[in-house]
Amino acid sequence: QWLSDRKKRALQKKDVDIRRRIELIQDFEMPTVSTKIKVSRDGQYIMAVGTYKPRIRCFDTYQLSQKFERCLDSEVVTFEILSDDYSKIVFLQCGRFVEFHSQHGHYYRTRIPKFGRDFSYHYPSCDLYFVGASSEVYRLNLEQGRFLNSLQTDASESNVCDINPVHFLFAMGTAEGKVECWDPRTRNRVGLLDCALSSVTADTEIDGLPSISALKFDGALNMAVGTSTGQVLLYDLRSSNPLILKDHHYGLPIKSIQFQHQLDLIISADSRIIKMWNKDTGKIFTSMEPENDINDVCLYPNSGMLMTANEAPKMNIYYIPVLGPAPKWCSFLDNLTEELEENPESTVYDDYKFVTRKDLENLGLAHLIGSSLLRAYMHGFFMDIRLYHKAKMMANPFAYEEYRREKIRQKIEETRAQRVQLKKLPKVNKELALKLIEEEEEQQVIRKRKQKNLPSLLKDDRFKVMFENPDFQVDEQSEEFRLLNPLVSKISEKRKRKLKILEELEAREQEEEEEPEGKASDAESSESSDDEKGWVEEVRKQRKLLRQEEKVKRQERFKEDQQTLLKPQFFEIKEGEEFRSFKDSAKKQKLMKKTLGDRLKLEEKLGTLDVSDTTVGSKQATFKLKKSEQQKKQHEAEKQHRQERKALRRPASHLTSRRGRGRLFH
């Protein structure tokens, strides 16, 4: 599929496996799409029509190659081979044309009044019956060379038609989901079947009215009908009810129906799947889903070969030995299938390994994406199996050793499983798990058969982490556990006493039912009071022990503090700042701890804040920012500089004023 034709031919010369591959008929394909495929009655010629451009190709099975190819003016809806070989063919085309071909090529062309969808040939009278987008069935007599009176039906449109090969009954499937049967001798309707009503069952979901899309006779009495909703109905002509109903479950119109007489099978096909099922029981024999949509199916007569025309250039050929022998022109297929059964060969992808993008990154081959060594397929890539093994050996050279160790470990575990199994306690909370196991065993002794088995805490997935994660380990030295421990111990003792009482009761068999929960007797109440007293005393003892332990810990900490020697600490002062004392930082910390109101009052006293009332009634606060020592020095230097400049300007101002006065008085 990935290689060009030139490379394929070059490989055929070198590779033996490629030379063994079977191509039954050379160039058995169409340029784009194949629509219909048929076999001549003598079995020598296979004819197929398709596009683009519209054409017919005839393949000679004796020569295993193409016989001829003819191009047509318009697309072919369907065609029929009138003779035993390829010498007489009739085509029904899209543009209402009916074209006749003889052995040499185009012979005659005529036109029908309405667009045709299907036609059938009546051999005794040499009449062609055309059905289509009309209520009439047009008749064209080939002996006289003229149209005869058409058959007037009750249907608005007709989709398919067929003529019984035994008694030549003409049947047509309508768009309303009915089948009308006509007698060609009297040109009268002799029967009407409502297939749309019979195809609807309780399980089927139908959006619209089912129409008839396929029709095929089998012998004198059987007829199969395919609907546009994907159902196939098998009728006996003597009954109006179907013998069997088969649903394809895809909701697609049935394209083709064929009968296989050796195994009593019906081969029905829609555009997606080909199904083979028994016509008596409806049991599925097999099904096939080609890669491309199916347009037509042709069963080679008296053999197990099946051919399909599909929405792809290549026309598929299937050989199923169970259905029948291979045709005489390819009888070697029987020998090949027998050899394949005896010696199963490798599949297509055995020489390739499918890897995802993550696998390529782990192997260090991500840089090969886009090259010819990787072929993109679905969510990953196909690569040569030899390249994969080499890359894996380089990425993990000890993979074989790990595989060997894993196999040995599995075998050892298998042998261990045959030995007597001991109770395995979890790594975390072993004592709690042992206690739960003992309680379960005790409960199993007392539990009656009628009662349901309660779920085990050890087997419950919700509490699985409690016996796996070390963070859930019960700390028996903690204060909470030690204070609750007397209660736990008393509960366990109480449980044991109750178990003894129940065992005595069961031994005597005085009571059948268990006593209800709660303490009803005076003896039990006295026991409970004794238990409570003992529990209080044990709790007091535990509290005393905890206090003593805390006292010992405090003494040890005090001794450690005395033994430790304090070392001097050195601090680095920033540039431009003077060190005064450690009290400044302490004052700042105390100031930050005070509330906002206290800090405002303190700043008012220092003069950095001025709070006054306004005329409106609100408060006005004026802040003065604190200056650092460097800013203060700079401010004093500027102030002194201003004073010196004023002192220098005074003599000049006195002189100007005197001169002005002198002039004024002069």
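Student: Where is Phe-168 found?

Tutor: Phe-168 is in the loop between strand 13 (158-163) and strand 14 (170-174). Strands are DSSP runs of E with at least two residues, helices runs of H or I with at least four, and both are numbered from the N terminus. This is a predicted model: local features need pLDDT of at least 70, side-chain atom pairs count only at pLDDT 80 or more, and totals for chains, interfaces and linings use all residues. Residues are numbered from 1 along each chain as its sequence is written, and side-chain values use heavy atoms, with hydrogens and water left out.

Student: Why is Phe-168 called partly exposed?

Tutor: Its relative accessibility is 27%. Buried means under 20% relative accessible area, exposed over 50%, and partly exposed in between (1.4 Å probe, protein chains only). So Phe-168 counts as partly exposed.

Student: What makes the backbone of Phe-168 stand out?

Tutor: Phe-168 has a positive phi of about 60°, although it is not a glycine. Most residues other than glycine have a negative phi. Leu-64 also has a positive phi, about 55°, and is not a glycine. Leu-64 lies in the loop between strand 3 and strand 4 (65-71). At 28%, Leu-64 is partly exposed.

Student: Which residues does a cis peptide bond with omega of about -15° join?

Tutor: That bond joins Thr-51 and Tyr-52. Another cis bond joins Tyr-52 and Lys-53, with omega about 10°. Most peptide bonds are trans. Tyr-52 sits in the loop between strand 2 (45-51) and strand 3 (55-60). Lys-53 is placed in the loop between strand 2 and strand 3.

Student: Is Cys-330 buried or exposed, and how do you know?

Tutor: Cys-330 has 0% relative accessibility, so it counts as buried. Cys-71 has 52%, so Cys-71 counts as exposed.

Student: Which residues form a positive surface patch?

Tutor: Lys-587, Lys-590, Lys-593, Lys-594, Lys-601 and Lys-605 form it. Helix 11 (583-593) and helix 12 (596-606) each give two or more residues. Helix 11 gives the most, with three. Patch residues have over 30% relative accessible area and no salt bridge; like charges are joined within 9 Å, nonpolar side chains (Val, Leu, Ile, Met, Phe, Trp, Tyr) within 5 Å. A salt bridge is a side-chain nitrogen of Lys or Arg within 4 Å of a carboxyl oxygen of Asp or Glu.

Student: Why is Lys-601 called exposed?

Tutor: Lys-601 lies in helix 12. Its relative accessibility is 56%, so it counts as exposed.

Terms used
Areas by Shrake-Rupley, 256 points an atom, 1.4 Å probe, with all protein chains shown as cover. Lys, Arg positive; Asp, Glu negative; His and termini not counted. Charge placed at Lys NZ, Arg CZ, Asp CG, Glu CD.
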